[in-house]
Amino acid sequence: MRTILQGSLLPPPPIKLSHSSLLFSPSHSHSNLKFTSKSSPSPPTITMASIKVHGVPMSTATMRVLAALYEKDLDFELIPVDMRAGAHKQEPFVSLNPFGQIPALQDGDLTLFESRAITEYIADEYSEKGEKLMCPGCNKVKAITKVWLNVEGQQFDPIASKIAFERIFKGMFGMTTDPAAVQELEGKLVRVLDIYEARLSKSEFLACDCFTLADLHHLPVIHYLMGTDSKTLFESRPKVAEWVKKITARPAWAKVVDLQKQ
Amino acid sequence: MASIKVFGHATTTSTRRVLLTLQEKNLDYELVNVELKDGEHKKEPFLSRNPFGQVPAFEDGDLKLFESRAITQYIAHRYKDQGTNLLPADSKNIARYAIMSIGMEVEAHQFDPAASKLAWEQLFKHIYGLTTDKAVVAEEEAKLAKVLDVYEARLKEFKYLAGETFTLTDLHHIPVIQYLLGTPTKKLFTERPRVNEWVAEITKRPASQKILQ
């Protein structure tokens, strides 16, 4: 596995973090949804990887994609995006994602963004490689997986990523945590985790009895929250605690975490 | 005897997303009303269908689902050869499918949060005797405008969001757009020529008209 990472992350000044609810100026030039889009200018390094990820290891959305790539044992190049300089809001990046958010992924001619669309592509395109990230089976089984994929995206992440923002990212950008906001958000998160507790009492992983994208998508935000006082919400629910332990112990996830340390 | 049942409320955007899909596919179904004003969605037996206490829930034979966008995807795949094809023309092409997936994620994470808040502030709040918060409307309209600028650029190159054909990506937008067209937010759509055309196209479809009845 070759990854190319240039430089280390310096403490940035207060900037808007790439968060799924924050929007940036769209590109008025190219449509990058075409899967035969113009490729962006190549970085100055020479690489054999046909898969390129534009993002940073600190970003939860980028981590989601990296986790899927490692689970599948795929070679890729990680091309850092200078968030501090606002590179994600400018060309050439906005030709990759007109919403100006990391990550974007290039696989040969194909350009994708939205981390959960990227991971689904990886799971489908490379279904024969590495870990299977979807429940094996017919339409009905796939449908259950989609339910829990949507649960992560619509029920868990909006709340959990705001808590991570309050407790961790705000501090990095010189802002202060709002304890009232954290309390309110945690009040909502526990209701979601109670549902997870019930679900995991009936199913080994969220969608079925195997590890799928529905579990994987949770890893980056859970990873951050487990390093804060919010971890008690997970630890106090036995099935949830067991599930967190299982998914964070996966070797592929350890590789993603390692990238942050470089 | 319909094997397909939708447990929801015909006025909610999420229930309509599912009804639209069923209509596009000419599928028989039974709509079982969930009385939201009585809090039926927050109690049993509904919670056994969706522990998150939100409409709609769905049943096809012994398969039980929730989350409207999971339900629509199930219907689109399972009944692929019936009625309107809501997947890309060549759905086995993984790259093409991925482009549609991007559009579905964008609708769910970029478009809908702002659009739903605008519908809530300007329409649904009145039902509950609450007043519109104009500051929120301004803030959410600014966000929605940025998304629609991206859509405008996209629709200059393609007829629909995922390509040349109507897909789930477009469909997912329809219910909340139908509501917003009855508010001042309509201007955000009408002042962008390609977006305006796209809105007209998708809302005039027979299935789109049917769910308003």
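## A first look at chains A and B

Welcome! In this predicted model, 40 residues of chain B are in contact with 41 residues of chain A (contact means heavy atoms within 4.5 Å). Local features need pLDDT of at least 70, side-chain atom pairs count only at pLDDT 80 or more, and totals for chains, interfaces and linings use all residues. Residues are numbered from 1 along each chain as its sequence is written, chains are lettered from A and ligands numbered from 1 in the order in which they are written, and side-chain values use heavy atoms, with hydrogens and water left out.

**Where the chains meet**

- About 3,700 Å² is buried between chain B and chain A, and carbon and sulfur atoms give 68% of that area. Buried area here is the accessible area (1.4 Å probe) that two parts lose on being put together, summed over both.
- There is 1 salt bridge between the two chains (a side-chain nitrogen of Lys or Arg within 4 Å of a carboxyl oxygen of Asp or Glu). A:Lys140 forms a salt bridge with B:Asp62, and their closest N and O atoms are 3.8 Å apart.
- On the side of chain B that touches chain A, two or more residues each come from β4 (63-66), α3 (68-78), α4 (94-127) and α5 (134-157) of chain B. Helix α4(B) gives the largest share, 13 residues.
- Helices (H or I, at least four residues) and strands (E, at least two) are DSSP runs, numbered from the N terminus.

**The sheet of chain A**

- Four strands make an open sheet in the order β2-β1-β3-β4, with mixed pairing. Two strands pair if DSSP finds at least two bridges between them.
- The edge strands are β2 (77-79) and β4 (110-113) of chain A, each pairing on one side only.
- Strand β3 (residues 104-107) of chain A pairs with β4(A) in the antiparallel sense over 4 bridges, and A:Asp107 stands opposite A:Leu110.
- Helix α1 (residues 60-71) of chain A packs on the sheet and touches β1 (51-54), β2 and β3 of chain A. Its direction makes about 160° with that of β1(A); axes are lines fitted to C-alpha atoms, for helices over the stretch in contact, and angles run from 0 to 180 degrees between N-to-C directions.

**The sheet of chain B**

- Chain B has an open sheet of 4 strands in the order β2-β1-β3-β4, with mixed pairing.
- Strand β3 (residues 57-60) of chain B and β4(B) pair in the antiparallel sense over 4 bridges, where B:Asp60 has B:Leu63 as its bridge partner.
- Helix α1 (residues 13-24) of chain B lies across β1 (4-8), β2 and β3 of chain B.
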